[in-house]
Amino acid sequence: MLSKRNTSVFLITFVAIKCDEVPMKWNTLNINGLLLTLERPLVMGILNVTPNSFYEASRKQTESEVAAEVERLLSEGADIIDVGACSTRPDAAIVSKEEETERLRFGLQALRKVAPQALVSVDTFRADVACMCVEEYGVGMVNDISGGTFDKDMFATVAKLRTPYILMYIQGEVESMHRQHTYADVTADTIKALAAKVFELRGMGVHDIILDPGFGFSKTVEQNYELMAHLADFQVFELPLLVGISRKSMIWRQLDIRPEEALNGTTALHMAALERGADILRVHDVKQAVEAVRIYEELTKYQSTK
């Protein structure tokens with residue numbers, strides 16, 4: 001009898017066979033016609049145009065604050081900037097589509113004034129909002145925490161837009177996603193759920209898919225660490241893997257500190273993620289993440305010579 005995790009591998013193999021146009025190694029992303037290579041791990045800098053994100057220092061509310069943050073992220077080495085306007089932290093009120101749209105227009109206009117050529121991702125679970133950002137502001141990637149479950153039009157929208165899509169896994173609906181964390185096996189269940197979504201997206205013609213296991217969403221602190229320990233299992237997809245653990249509760253609750261004190265723990269987990277196959281780190285602190293990537297790359301040079 002197959003174990004839970006072996007069953008997941010079987011399902012993913014089936015997905016790969018059914019999608020035989022997919023190369024064995026997916027190491028580039030087509031962003032607005034630019035082929036972005038994944039030969040080295042990338043760093044995605046977080047830009048929050050929200051008043052209530054869980055990490056207070058990330059909240060940018062004025063044009064000058066946005067401009068300064070964009071310049072900081074890029075000067076420290078961010079490859080992509082991920083702009084979000086709707087906080088999804090526990091107990092946060094989900095803002096309306098209109099409010100999210102207004103915030104994103106403000107943030108993206110300010111961003112484009114100082115960085116017209118920057119590679120930008122939008123963090124939204126709403127298809128109409130994603131479409132607006134791509135068509136009006138040249139955003140090149142959609143980052144959807146819901147994996148297409150909060151808006152039934154999201155998959156069709158990213159297929160039409162032909163943008164890379166960050167597919168994250170959570171349980172529950174928008175109001176209950178932080179209270180749902182029942183798994184037979186958190187890694188195997190996440191892999192199986194993502195495999196089904198990948199199959200659906202491939203059938204709709206979406207080519208550039210990035211997987212996000214969803215650290216901090218629908219998982220206990222212990223489940224987050226179990227998922228991190230088995231992160232290498234996700235390499236079976238042969239798809240880019242994004243890890244977003246920056247200053248999250250799996251760090252500060254474990255260390256009995258505040259998010260403001262969680263940079264050291266974040267960097268430690270970033271190295272663990274890189275060693276287990278992470279291709280993109282989504283971070284608040286770009287300089288430290290870039291340094292972690294550089295140290296990791298130096299280590300791998302010596303590993304490959306043995």
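A residue is called buried if its relative accessible area is under 20%, exposed if it is over 50%, and partly exposed in between (1.4 Å probe, protein chains only). Helices (H or I, at least four residues) and strands (E, at least two) are DSSP runs, numbered from the N terminus.

The model is predicted: local features need pLDDT of at least 70, side-chain atom pairs count only at pLDDT 80 or more, and totals for chains, interfaces and linings use all residues. Residues are numbered from 1 along each chain as its sequence is written, and side-chain values use heavy atoms, with hydrogens and water left out.

**Exercise 1. Strand β10**

Task: Determine which residues of strand β10 (residues 280-283) lie on each side, and whether they are buried or exposed.

Solution. Step 1: In a regular strand the side chains alternate between the two faces of the sheet.
Step 1: In β10, I280 and R282 are on one side, while L281 and V283 are on the other.
Step 2: All four of these residues are buried, so both faces of the strand are covered.
Step 3: Two strands pair if DSSP finds at least two bridges between them. β10 pairs with β3 in the parallel sense over four bridges, and M44 stands opposite R282.
Step 4: β10 also pairs with β9 in the parallel sense, over two bridges; here I280 is the bridge partner of L242.

**Exercise 2. Helix α5**

Task: State how many of the eight residues of helix α5 (residues 154-161) are buried, and what they pack against.

Solution. Step 1: Six of the eight are buried, and the helix is mostly covered.
Step 1: The buried residues are M154, F155, T157, V158, A159 and L161.
Step 2: Contact means heavy atoms within 4.5 Å. The buried residues of α5 pack against α4 (127-137), β6 (141-144), β7 (165-168) and α6 (186-203).

**Exercise 3. Aromatic pairs**

Task: Find how many aromatic pairs the whole structure holds, and describe them.

Solution. Step 1: A pair of aromatic rings is described by the distance of the centres and the angle of the planes. Rings of Phe, Tyr and Trp (its six-membered ring) pair if their centres lie within 6.5 Å; planes under 30 degrees apart count as stacked, over 60 as edge-to-face and the rest as tilted.
Step 1: The search finds two pairs. In one of them, F125 and F150 are 5.3 Å apart centre to centre with 85° between the planes, an edge-to-face arrangement.
Step 2: This pair links distant parts of the chain, 25 residues apart: F125 is in the loop between β5 (120-123) and α4, and F150 in the loop between β6 and α5.
Step 3: F125 has a relative accessible area of 8%, so it is buried.
Step 4: The ring centres of F155 and Y165 are 5.6 Å apart and the planes stand at 80°, so this pair is edge-to-face. It joins helix α5 to strand β7, with F155 and Y165 ten residues apart.
Step 5: F155 and Y165 are both buried.

**Exercise 4. Positive phi values**

Solution. Step 1: R162 is not a glycine, yet has a positive phi of about 60°.
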